[in-house]
Amino acid sequence: MRRMLLGEMVLDHQRLFRGILTLVFMLLVVSNGWYVYSRSLSLSDQYAHRAVAGLRQHFEKISGFIDTIQAEAVRELQWNEPPRDVDGQLSALRAVPGSNYFSLDQLPPPLSHQQIGNLTGLVLPGKPEPSRQREMAVALGLAPMLTAAYRNLDDHGVAWVYYVSRQQFIYLYPFAPAADYHYTLATPNGVFWRMALPEANPAGRRFITPVYIDQAGKGAMLTIGQPIVAGGHFYGALYMDVGVPTLHQLLGSAGEVLGKLYLLNAQNQIVAANTEEALPQENLLRLPVMADYRAGPTAHVKVFAVGDSGMRVLHYLPNEVLALEIAKGTAPGIVAALLLWLALALLNRTWVLNRELRRLSEHDALTGALNHRAFQAVLSQLYQGYHETGEMFALVMVDLDHFKRINDTFGHAVGDEVLKVLVRLARRMLRSQDLVARLGGEEFVLVLPATELRDAMKAAVRLRLQLERLNWAKLGLPDKVTASMGCAVVLASDSKAGAVLKRADDAMYRAKQEGRNRVCVDLQGQPPGVE
Ligand SMILES: Nc1nc2c(ncn2[C@@H]2O[C@H](COP(=O)(O)OP(=O)(O)OP(=O)(O)O)[C@@H](O)[C@H]2O)c(=O)[nH]1
């Protein structure tokens, strides 16, 4: 009859609806959580990458200068003639009185702007070795390049650039007086020198030392070293010292990184970090470079390679930090989902109330049958449908016989019960699309859509027989209860919806007149079928 509204469908399948709603809610929360989790990791990855890229560029720039100076040193060492323009400096080398080392400290100031490093070495017994003299000249000849490198790398935290020879001398730039730093017998014990030796580094590869404290007072630093090998002979090594504070700064320049970044060297030591906090798990120091974050019980970690420097950056992302991020990210979604839930719950409540209101406004409170008003609406719908589609419908007027007597004899309550029994019975016997309406008092009408007069009559007869066969004694009634009925179908000649009702009523009236407990049909409809 009436088209089912969404609200009604929801009401009729409330449990299913609630299940679907819960599922949708959970899916929303889980998918939102997963999205925020992935996005947090991907953002962390980007920030860490930025820090790693900064460090990589830093080391690559330093390496570029080392490449150039190394090539020049090798070329000069293989060349037989020593560079002439450094003779003046070489002749200015003086042994420091009362000590076993020499230096360029005695060179009268101002020093040439290109050669302001200090050459210092051990005073060896005997005649000066020509090869040593020549190598010193080569080292001094590197001065312009060392100067250029230093000037370019100053903002990269490069504190010293220098050449150390196997022949026990060092050329250090920028100038530091020998009193602050000079070659000593202990110099070859330094890790920077031991890592350059062919015994430890047969391939002559570039290396980075562990962090140490500068002897000349420039703080914590690490050294990038390059063995100088020319014609298969190991001469010495070229070095650049990088201050650790710069590495800290580079790690910190990545912005708001979730969690902590630790720069690790090839010896699995922490060289720098963007935090004061120590790394909570020692075993993480040995982790290799990874493609993705690895989820552990306490943290997510990922290790990035810093170019080909041999250094790595460990990103330590505590799970609680990630969880907080997920909570922050999902909170709006959860609140929105809860509000949606609340709105739907309220809507559901409104639907329930509306349906109840409508039920009350459309149904008779005593019997539950459609009331007169609702019946009129149904009737005009059917009448309109008949004119639009030609679909027949029939009405059966039902009026209990001598109902007043029942009321008067057995009381109003018993009368009420009889009315309810009639409606229940009619409902049970009719099809699902048929309706029972109470027009008032003990007068009812059966609404039978898509029904011919003959079928309406059959239905009425069945109901009449069933009614009188009921066990009325149960209600304390000594006699059977009967009803008179009148059937009519809509006719093309009907000018209004009420016409068919009127004819059904007339037929019922005839049934009363003809002795009650019978069914009469409207004579304007089909051929007679009066019982
Ligand atoms: N118990 C009860 N009685 C009602 C209700 N509504 C109307 N009645 C009674 O139904 C009776 C109808 O009586 P009548 O119109 O004389 O009809 P009848 O006694 O059934 O006689 P016929 O229709 O001619 O067979 C009246 O006594 C009304 O008071 C109701 O809701 N409950």
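The second largest pocket here holds about 270 Å³ of space, and keep in mind that this is a predicted model. Who lines that pocket? Asp-401, His-402, Arg-405, Ile-406, Thr-409 and Phe-410 do, together with Leu-477, Pro-478, Asp-479, Lys-480, Val-481 and Thr-482. Sorted by class, that makes five nonpolar, three polar and four charged residues.

Now for the helices. An unreviewed UniProt entry puts a "transmembrane region" at residues 20-37. In the model that span is 100% helix and 0% strand, with its end C-alpha atoms 25 Å apart.

On to the salt bridges, of which the structure holds 19. Here are some of the pairs:

| Pair | N to O distance |
|---|---|
| Arg-206 and Asp-67 | 2.6 Å |
| Glu-417 and Lys-420 | 3.7 Å |
| Arg-503 and Asp-494 | 2.4 Å |

The Arg-206 and Asp-67 salt bridge ties together distant parts of the chain, 139 residues apart: Arg-206 sits in the loop between α6 and β6 (207-208), and Asp-67 in helix α2 (residues 14-78). Arg-206 is partly exposed at 27% relative accessibility, and Asp-67 is partly exposed at 39%.

Glu-417 and Lys-420 make a local pair, three residues apart in helix α11 (residues 412-429), or about one turn of the helix. An α-helix has 3.6 residues a turn, so residues three or four places apart point the same way. Glu-417 has a relative accessible area of 25% and Lys-420 has 26% relative accessibility, so each counts as partly exposed.

Are Arg-503 and Asp-494 buried or exposed? Both are buried. There is also a salt-bridge network linking Glu-72, Arg-75 and Glu-76.

Last, some backbone details. The peptide bond from Tyr-173 to Pro-174 is cis, with omega near 0°, and Pro-174 is in the loop between β5 (169-173) and α6 (191-194). Asn-268 isn't a glycine, yet has a positive phi of about 60°; this residue lies in the loop between β10 (260-264) and β11 (270-273) and is partly exposed at 26% relative accessible area. Arg-516, not a glycine either, has a positive phi of about 70°. Arg-516 lies in the loop between α13 (497-513) and β19 (519-521), partly exposed at 29% relative accessibility.

Key. Residues are numbered from 1 along each chain as its sequence is written. This is a predicted model: local features need pLDDT of at least 70, side-chain atom pairs count only at pLDDT 80 or more; totals for chains, interfaces and linings use all residues. Side-chain values use heavy atoms; hydrogens and water are left out. On a 1 Å grid over the protein atoms alone, a cavity is a set of points where a 1.4 Å probe fits but cannot get out, and a pocket is an open set with protein on both sides within 12 Å along at least five of seven lines; lining residues have an atom within 4 Å of a point. Grid points are joined across faces, edges and corners, and a volume is the space filled by probe spheres set on the points. Ala, Val, Leu, Ile, Met, Phe, Trp, Tyr, Cys and Pro count as nonpolar, Asp, Glu, Lys and Arg as charged, and the others, Gly among them, as polar. UniProt positions are given in the numbering used here, feature names are shortened, and annotations may be inferred rather than shown by experiment. Helices (H or I, at least four residues) and strands (E, at least two) are DSSP runs, numbered from the N terminus. Buried means under 20% relative accessible area, exposed over 50%, partly exposed in between (1.4 Å probe, protein chains only). A salt bridge is a side-chain nitrogen of Lys or Arg within 4 Å of a carboxyl oxygen of Asp or Glu.
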